[in-house]
Each structure stands twice: as structure tokens, then as C-alpha cells.
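Hello,

Here is the structure I promised to pass on. Please have a look at it first; my notes follow below.

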Amino acid sequence: MHDRLRLVGLLALVACGAKAPVSPAPEQAATPENAPSAIDAAITAAIDPSVSPCDDFYQYACGGWIANTPLPPDRPIVGRGFTSISDRNQEIVRDILEHAEGADARLGSYYQTCVNTDAVEAKGTASLQADLDRIAALKDVAAIPALMVSLPMINPFFGGFVEADFKNPEVNQFQLAQGGIGLPSRDYYFPEDDAGRELLAAYEAHVGRMLGLAGLDPAGAAKVLAIETALAKASKSPAELRDIEAMYHPMTKAELKRLAPGVPWDALFTALGIEVKAVNVTTPDFFPALGDLLKRSKIADLKVYLAWNLVNEAAPYLPKAFDDESFAFYGTRLSGQAEQQPRWKRCVGRTDRALGDLLGEAYVAQAFPGESKDKALKMVGDLQHAFEEGLPELAWMDAPTRTLAKAKLDAIVNKIGYPDTWESYEGLQVGDDIYANQMAVAHWGQDDALAKVGKPVDKTEWGMSVPTVNAYYNPLFNEIVFPAGILQPPFFSADFPTAMNYGAMGMVIGHEITHGFDDEGRKFGPSGKLEVWWDDAVSERFEQRAQCIADTYDAIEVHPGTKLNGELTLGENIADFGGVKLASRAYADWQAAGGSDFAAGGFEGSQLLFLAFAQSWCSKATPEVEDQRAKVDPHAPPKFRVNVPLSSTPAFWEAFSCAEGTPMHPASTCEVW
Ligand SMILES: [Zn+2]
């Protein structure tokens, strides 16, 4: 999920999907249901018995599923865990949206306006044209901020968002970041091989066709590319953006003017309507370059760039010709997806993003059993306890840091299932024009965020909607959050053997807890403040151990020519290592305390634990998506999220009798937490 006013902060379990549509639905019935025989069948059907678990555990656990699960033409990724749940969630949400009696009427209106393609065609581009006319009427650079604020659907030139002050996390702060490019990251603009150059040329051709559809000169695409390339050149890479200490530069307006005199700051803050004492500039090197660009560009070129931003963002809310062209590039060319998802599925996703709390309330009433919250809460407690138990065993820590780590652990806030209070979107009106509805939603979000600047942070807020199949750690709140969407089979079920719940959901919980102590999370104290709370010597020993993990992933090739980036994926990989270890320890604790489990699929508890973990990650993706993710996704591909941590886990070697020297039990391993 990409909340436009929130660019840093959440460490999610899986990627949130950029513009490329990710997730939903094969018509595949093999989801584990409640009967023990169905659980057995689901486990064994996924296995490839021809592979030894000690050679390639992911292939062993998932090979059967991979062989029997085609990648549907309407999705670039399919996952045994995530996809089966999001399929079910989509059906539930669709039912709510189509028949919701008693639910807020805006939900049904928004969804119906989205699915009614005849009405979308009939409305045509009248609303878009009115906004394009306003862009065309721009006289100078100083007039751009007011226009940007009046078109909150777009984020041209840079990113602006409202987030807790890193060093005073009780107060919201206005923050500025690099932005303004239409490709997934800066490197796409500086290709080093033919494939990269061809992709960039395809992007320019796409921009030209979109401009043409909007009645503008397609040759303007060259201007757009020149502007975006200048912005990309001044931008950091996704890996560089993980250095959180380098992201804190509070500045007054006078300092901003000195930093980047070419940016019309007065006009910007007047348009935003906020009083600014100290703005955090997360990427200070970017803004001088932006100022220079604004100064030296012709206003005509800047207008073409703004028009492109608008048609690009608005494409899903415009007639089919725009939607199809946008999909042809972002879906097919960039992600390898052959077909669009059915319209209703896209509209379910958009309604969730637009009116998530209205939908969440109705979803919880239908899909989240009350007892699930208590069971999940107990597991979170068990995983936290496992983390605490492991602290004395970490030779690289010293006693004072251990005490502080325990204090941070105890301070972690848990959010499970759904929020205590629901956003009511007061003042947001939904009508029968899809484009106007989307702009109204964006306006509401912008106003809501701006009203928070300088105000106390509301820590009851959630960063994901309730039906979302994901989880996150937010270092600024020191909280772990598990939406109702993920507390379902195959991650979690009251009917599973306990080993399966610990292996799948327990690992997710352990992963999120460990984020509080990964290379980024460890820089935030118990209250969510960015501060130094570790001794230098301990930090150094941590960095050495983290480097072992970074080096391991740096050496992995996803497929020939596409390597993983150990620095970009370091935080997630540390969390994966921790997640597996904590789940295993928590399950052993549960057994030691007299917990008695039942076997399933012919496996006993300690094996089921690791199988359930691996099988919740079985997945398939297009090579295009694998390439794209290797460049921008902080998560390693599922195969490596399973195999690399397990090959450093003694309890796994024991469970599957993997002798030292087998691929899953190498002689040298890494360990942080
Ligand atoms: Zn994560």
C-alpha cells in the first residue's frame, strides 16, 4: 500500500506493490480447510518428494505446488499463502460492496462507479480536460505549487508527507523527499545494458502515447524524460534510502531557501496552508538539483511533465484507452503480466485503498472470528518471550545493551486484527464520476495529513487496511501490526497443529519483532526516537554480524544476470533470520511446558513447524517481476527467504537430519539475533 503522504516508516512483511498490480486470484481450491484430512492433503500436495529437504528445502516443501500451479495470465506473482488468502478476501469484500446493507453508502457508490465501465466511457475525459486546461494556463514556476496542491492525485517533482518527527516522535512533522519519476527507481534512467536501454525507450514511447491520448503532442515525451532523468540523477538508490540517520535534516524556511533557492518555497507553504517551523528534508542533495531544474526549464516543458503526471496517475479512472495503455507498459512490459485483472478485482482493491476503514469495519464483522484475536495475542506474547530468552545467549551483546534491548522489547505495542476506532472520512463526498471521486479521496487524504502538522501523533492509527494480507513494524511507534487479513490459513488457523501456526504465523510475528532490532530498527529507542542507545563496541560487533548476512545475499543470483542486493535487503533478511529462530524457540518452549501437538501429513511437530513456514511462502513470478524486485524490493525472493535462514538454523538440521556439508547445512553460517 502506498499512502502518498507517507514514504518512510513502515517495514512491511512483503512488498506493497508499486504501480504494477500485485496479488489476487487463481481459481484454485487447494486451500487448507479445517478437516484434518484436508490439512494433510494440502501439506503433501505441495511437496516435491523427489528432492531431499537437505538439498533445497524450498523446492522440497513447495515443488509440488509450483509444478501444479500455473501462473495465471492476469497476475505477475502467485503465492500459496498470500494469494489464496487475498482471493478469499476479495470475494468477501466484493460481497460486502455489492450487498452491503447497513454499511456506509459511500462504499457502494465508490465501488459501483468504478465497476460501471459504460458510465466511465460515457463520462469520457471531461473532468481530466478541465484539469489539463488549468495546467496549460500556468504562467510561471511560482504558480506550480498551488496547482499541485489542487491536484492531490499527483506527486510531481518531489514527495511531501506528514510523519512523526524522528527525534521527537510524539509530534507530527512535515517532511520532504526525492520523487517525481515514473519508473521504479533512479537506476532505470541510467541503463547499462541493451535490455535497460530498450526498457527506457519503451517508457518514452509509452509516455508519448499517453500524451497523445490526452490530446497533447506525443513528442513531449522527450521533455518528460529529460526532466525525470534530471530528478533521477539527483536521487538516492533504494539501498541508500535505508540509511535512516542520513534522512534527518530539520530545516527552517530560511534554511530551505538557502539550500535550494530555485524552489518556490513561499508559494508552496502558502498553498499547503501550513505554518512551518522545521521541515525534515530526508534527501537534502535532491532539492538544489530540483531548484536548478525549475530555474532552467521552459515553463512549456514543465507543463508537459505535469500533464504526463496527471494522465499517468489518473489512467485507472479514465476511459479504457488510457487504462489499457497504462497497463501495457506498467503491467505487461515492466511486470510481464499478460492480462489485466478483471475490473471488479481492481475496483475491490481501489475501494480498499480509498475507504479502507469503512470497508474494514464491515469486513471484520464477517471474516474475523473473535477468538482469533486472543489466540494471536498469546502467540505474540510467546514470541516476545522467546526473544527475551535468547538475549543472554548473544555473545556479541554486553549486559547494559541487553537490558536496554529488553526494555525496548517490553515497550513494543501490539495491534492485532483491527483498530479500536474507525476513520469516518468526515466531509468526503462520493458521487457518480470516477475521476472526481478519486480526486476527492486524494483531497481528503491531503487535508487530513496537513491538519496533523505540528500536532501530537495519534498512535492508534493503522498504516494498513484491515483486509490486507501483510504485517508491519513501525519503528516510530515501536509497534507490530497484524491486520485481520493475514490471520487466516495457511498462516493461521485455530484448527491447525500448533506447530503449523508457529511455523507460519509465528515466523511472521518473530520477523516483525526482529525488525525492531535490525540494522535500521535498532537505531530507534523504546519510545520510537531515533537515538544512539548502543555502546560503540556493541554496534561494531552487530555490524560485523549483519555484514555476514549482507555478503550471503550479495552472492545470490536470482537468474543469470540478476543479482540480489545485500545492502537493500539487509533489514528484511535480518528479520527473516530472527523470525525463523524465534518461531522455533517459541514452539520448543510450548512443547517443554507440556503442550501436546498432533501430527499432520505424516510429519511430527518439529518438522511441521519448518514445513508450514516454507509452504506459506511457495510462490511463482514472472522474470520481469523478479528483475524489478531485485532492483527495488527490500525483500529477497521467497525461495531465499526460506532457504537461507533455514540453512543457519540448528533446529531445522535436527528436524530433517541434515548432515553438515549438505547444501542446507553449510559449514559456516551467519547469526545476528
Ligand atoms: Zn519485514
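Start with the zinc ion: its donors are spaced along the chain as H-x3-H-x56-E. Donors here are N, O and S atoms within 2.8 Å of the metal (3.2 Å for Na, K and Ca); water is not among the atoms, so sites may look incomplete. H511 (NE2), H515 (NE2) and E572 (OE) coordinate the zinc ion at 2.0 to 2.1 Å. H515 sits in helix α20 (residues 498-515) and E572 in helix α22 (residues 570-592), so this pair ties together parts 57 residues apart in sequence. H515 has 0% relative accessibility, so it counts as buried. E572 is at 3% and therefore counts as buried too. (Buried means under 20% relative accessible area, exposed over 50%, partly exposed in between, with a 1.4 Å probe and protein chains only.)

A word on the basis. This is a predicted model: local features need pLDDT of at least 70, side-chain atom pairs count only at pLDDT 80 or more, and totals for chains, interfaces and linings use all residues. Residues are numbered from 1 along each chain as its sequence is written, and side-chain values use heavy atoms, with hydrogens and water left out.

Next, the domains. The assignment, automatic or from a database, gives domain 1 (52-68 + 371-421 + 460-655) and domain 2 (140-317). Their centres, taken over C-alpha atoms, are 34 Å apart. In domain 1, 17 residues contact 16 residues of domain 2; contact means heavy atoms within 4.5 Å.

Now the second largest pocket. A pocket is an open set of points on a 1 Å grid over the protein atoms alone, with protein on both sides within 12 Å along at least five of seven lines; a cavity is a set where a 1.4 Å probe fits but cannot get out; lining residues have an atom within 4 Å of a point. Grid points are joined across faces, edges and corners, and a volume is the space filled by probe spheres set on the points. The second largest pocket holds about 920 Å³. Its lining has 29 residues, with Y188, D193, G196, D627 and K631 nearest the centre. Domain 1 and domain 2 both give residues to this lining, so the pocket lies between them.

Last, the cavities. There are six of 30 Å³ or more. The second largest cavity has a volume of about 80 Å³. Among its lining residues are I144, M148, F157 and L294. Helix α7 gives the largest share of that lining, three residues.

Best wishes

Conventions:
Helices (H or I, at least four residues) and strands (E, at least two) are DSSP runs, numbered from the N terminus.
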